[in-house]
Amino acid sequence: MSSDSAEQTESEVVVLDNGVPTAARVYDVMLDGKDNYAIDRRVAEASLAVMPELKEIAIHNRAILHRVVRHLAADEGITQFLDLGSGLPTVRNTHEVAQDANPEAKVVYVDIDPIVLAHGRALLQDNPNTRVVTADIRKPAEVLAHPDVQEMIDFSKPVCVMLCGILHHILDEEDPEGIVKALREAVPSGSYFFITNFTRLSDSPESEELERVLLSQLGTGRVRTPEELERFFDGLEILPPGIVPLPLWRPDEIVTDATTIGVRFMTGGVGIKR
Ligand code: SAM
């Protein structure tokens, strides 16, 4: 879909460019994807003008997702992944990483943007262990009750709840902490939460300026303080190395310079419910 009109997908969902940018498509621009419109590219360009490192940051966000899912599926025996705000399919999606480690691993992708369902269905039609659901995490009870979620996820067994790059799209008045709490209460002991978020950098005016651009042009994009982020992990035991700049979470390769905005602007971590 690099055109700016409409797209007929295999699942017969028509996605229209209604002149409103979406987080899924702006993120797709950052990852050099093709599923975006001019309106999304304009938001991406305005954001990149403030923080040119955003493409690098998106790559770091995908890379930590791969490391976390691989670790939990291969080393911790997690067989169920609820990927909330999963975004458009891209290179190496959650189900590919999890099912490489364990072909029986179940993955449910949830996203508010129906374009994710349109593209996901086509990708996953031959994968019985994976589903894509259109739902709004601001209504966690509805997400959890969705028939595809109920069919795929056994809530008597540990689940990995993934909130990767989504909570900054939930405004403070929409109670992101309450959303995480509702999810935490719905899963059993031994479940994991994987969270990444934009982080306010006291030495970087860019982080505040980016929030201003995103809130005005996209309507979401809260850049939170480290203290605000830590509250998302309330009630969880945070795994080493803690809530850290994304490339520093159990890196596959040595990070030679951890002082850059590209490394530090997003932080994240993994917590377990004991
Ligand atoms: N999780 C992927 C990753 O980290 O690579 C994609 C992150 S993308 C930046 C954020 C995604 O969250 C978008 O696809 C957007 O549509 C989705 N999203 C935003 N608000 C949402 C909501 N209230 N409920 C469900 N999904 C939402």
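Strand S6 (residues 160-164) has 5 of its 5 residues buried, so the rest of the structure largely encloses it. Buried means that 20 or more other C-beta atoms lie within 10 Å of the residue's own, exposed means 12 or fewer, and C-beta atoms are placed from the backbone. Strands (E, at least two residues) and helices (H or I, at least four) are DSSP runs, numbered from the N terminus. This is a predicted model: local features need pLDDT of at least 70, side-chain atom pairs count only at pLDDT 80 or more, and totals for chains, interfaces and linings use all residues. Residues are numbered from 1 along each chain as its sequence is written.

**Strand S6**
- Cys160, Met162 and Cys164 point one way from S6, Val161 and Leu163 the other.
- In a regular strand, side chains alternate between the two faces of the sheet.
- S6 pairs in the parallel sense with strand S3 (residues 80-84) over 3 bridges; pairing requires at least two DSSP bridges between the strands.
- Asp83 stands opposite Met162.
- S6 and strand S7 (residues 192-198) run parallel, joined by 5 bridges.
- Tyr192 in S7 is the bridge partner of Cys160.

**Helix H9**
- Ser207, Leu210 and Leu214 are buried in H9.
- Seen down the H9 axis, the buried residues fall within an arc of 60° (taken from the directions from the axis to the C-beta atoms), so they line one face of the helix.
- The buried residues of H9 pack against helix H2 (38-50), with contact meaning C-beta atoms, placed from the backbone, within 7 Å.
- Exposed Pro205, Arg212 and Ser216 sit on the face turned away from the buried side of H9.

How values were computed:
Contact = placed C-beta atoms within 7 Å.
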